[in-house]
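I opened this one in my viewer and kept a few notes as I went along. Here they are, in the order I made them.

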Amino acid sequence: MVSKDLPFTKSQIEEIIEEHPTPFHIYDEAAIIKNAREMKEAFSILNGFKEFFAVKALPNPYILKILHEEGFGVDCSSLPELIMSEKAGITGEDVMFTSNNTPPEEFIKAKEMGAYINLDDITHIPVLEEVAGLPEIVCFRYNPGPLKTGNELIGKPEEAKYGFTREQLFEGYKILKEKDVKRFGIHTMVASNELNEDYFVETARILFEVIRDISKELDIKFEFVNLGGGIGIPYRPDQERVSYKKIAKGVKDAYDEILIGNGIAPLNIYFECGRVITGPYGYLVSKVRHIKKTYKNFVGLDSCMTNLMRPGIYGAYHHITVLGKENKSHDKKYDVTGSLCENNDKFAIDRMLPEIEKEDIIVIHDTGAHGFAMGFNYNGKLKSSELLLRPDGKVVEIRRAETVDDYFATLDFEKLKSFK
Ligand SMILES: Cc1ncc(COP(=O)(O)O)c(C=O)c1O
């Protein structure tokens, strides 16, 4: 029988539920730290390696603080993410700001925080200059277009709305040079949930080659290359973890050949991964509310797409454990559903599970990235709490659950009384 490990027992979770009602996401701090250290160790062979955790994957300031303690920066994509990072004590060049279709107030805040600003388009150079002034260091996002095939989740780079073309990069850096910018970065992000290490090595090669060509033609010196995020995780129990060492070795070989070989090194190597940093270490814990038998067998949980969108929107697989029934025969076929009036509000379709009863505790795995974060309030559904399982076994609530008052906070019912 295929299974996935859990960092807690059924009785521990029952105790936690007494204080924190389901549904909730719970994150395993010890595992997050262990993984962060493994990543740092493997990538330490790369010059100036640094990971900027993609805040969008798990936007919680406690998590940001833990990762910052481990030496990670953050990658922000919006004003609230910048403010959250600032509140977690993360500012300056510990912050990468990678946005697109960017409103002026975001450029202003990023500049004020001293963040690396990663521009998505050549037309943003004068906008940034006008609203905030050009910073000392500027980064551009490269879209390699037909040079890269793209992966299943992110699609073809040519179809993507992100980044500069190769020609625009040359023109853009020339403009920066003329405007007396002295420090330069370059970035790309062309993968999502990619498990093939070679994909990242190929991307690094493409970037290193473009760096070589621009450096020579414009006589500028790049300070860093940001290879983006997109490292995948084994959602399915039969999938393997990506080898950090293999990616690091491949990127180093490409660096040695293309950058050292052409006298362009040193430059720092950055990543902005989200999923691989926290994804496997989060669990959505729910209880079974109803069991329904019609043309199929349905298990209705007390959570829904608000808490985890990925299965509903991408058909993504998330492993499910019925706590206490791990060793029972998985011989019943169920659709595991939420309570939205949307038929794609299903965590699993035709999943073989043990016989399920009302009040069973269901754990949905790998919700530590793009899980809580993606939720919406459609159907008036409220977002859950987030808990942190600390290395000493204690549990801390790091975000309370939304209340009905939170949901109504943007409405003025007093004004409604006199509205005709
Ligand atoms: C610009 C950018 N950087 C980083 C990430 C993080 O990706 P992942 O969580 O797959 O590593 C994303 C994800 O959408 C992104 O858009």
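**Domains.** I began with the division of the protein chain, in what is a predicted model. Domain 1 takes residues 17-23 + 280-408, and domain 2 takes 29-278. I then looked up the distance between their centres, taken over C-alpha atoms, and got 32 Å.

**Where the domains touch.** Next I asked how many residues each domain gives to the contact. I found 19 residues from domain 1 and 18 residues from domain 2. On the side of domain 1 that touches domain 2, β16 (385-389) and β17 (395-399) are the elements that give two or more residues. β16 gives the most to this side, with 3 residues. I also sorted the residues on this side of domain 1 by class: 10 are nonpolar, 5 polar and 4 charged.

**Helix α3.** I picked α3, residues 61-69, and asked which of its residues are buried. They are I63, L64, I66 and L67. These residues lie on the same side of α3, because they cover an arc of only 160° around the axis. I then checked what the buried residues of α3 pack against. The strands are β1 (24-28), β2 (50-54) and β3 (73-76), and the helices are α2 (29-43), α4 (79-87) and α10 (275-278). Just after α3, I spotted G71 with a positive phi of about 95°.

**Helix α7.** My last stop was α7, which runs over residues 166-178 and has 13 residues. From its first C-alpha to its last I got 19 Å, close to the 18 Å expected at 1.5 Å a residue. The buried residues here are L169, G172, Y173 and L176. Why do they sit on the same side of α7? They cover an arc of only 95° around the axis, so they share one side of this helix. On the other side of α7 I found E167 and E178 exposed. For the cover over the buried residues of α7, I noted α6 (124-131) and α8 (197-218), along with β6 (137-141) and β7 (183-187), among what is there. Just after α7, D180 takes a positive phi of about 75°.

Technical notes
Residues are numbered from 1 along each chain as its sequence is written. This is a predicted model: local features need pLDDT of at least 70, side-chain atom pairs count only at pLDDT 80 or more; totals for chains, interfaces and linings use all residues. Domain bounds come from an automatic or database domain assignment. Two residues are in contact if their C-beta atoms, placed from the backbone, lie within 7 Å. Helices (H or I, at least four residues) and strands (E, at least two) are DSSP runs, numbered from the N terminus. Ala, Val, Leu, Ile, Met, Phe, Trp, Tyr, Cys and Pro count as nonpolar, Asp, Glu, Lys and Arg as charged, and the others, Gly among them, as polar. The expected span of a helix is 1.5 Å times one less than its number of residues. A residue is buried if 20 or more other C-beta atoms lie within 10 Å of its own, exposed if 12 or fewer, and partly exposed in between; C-beta atoms are placed from the backbone. The arc is that of the directions from the helix axis to the C-beta atoms.
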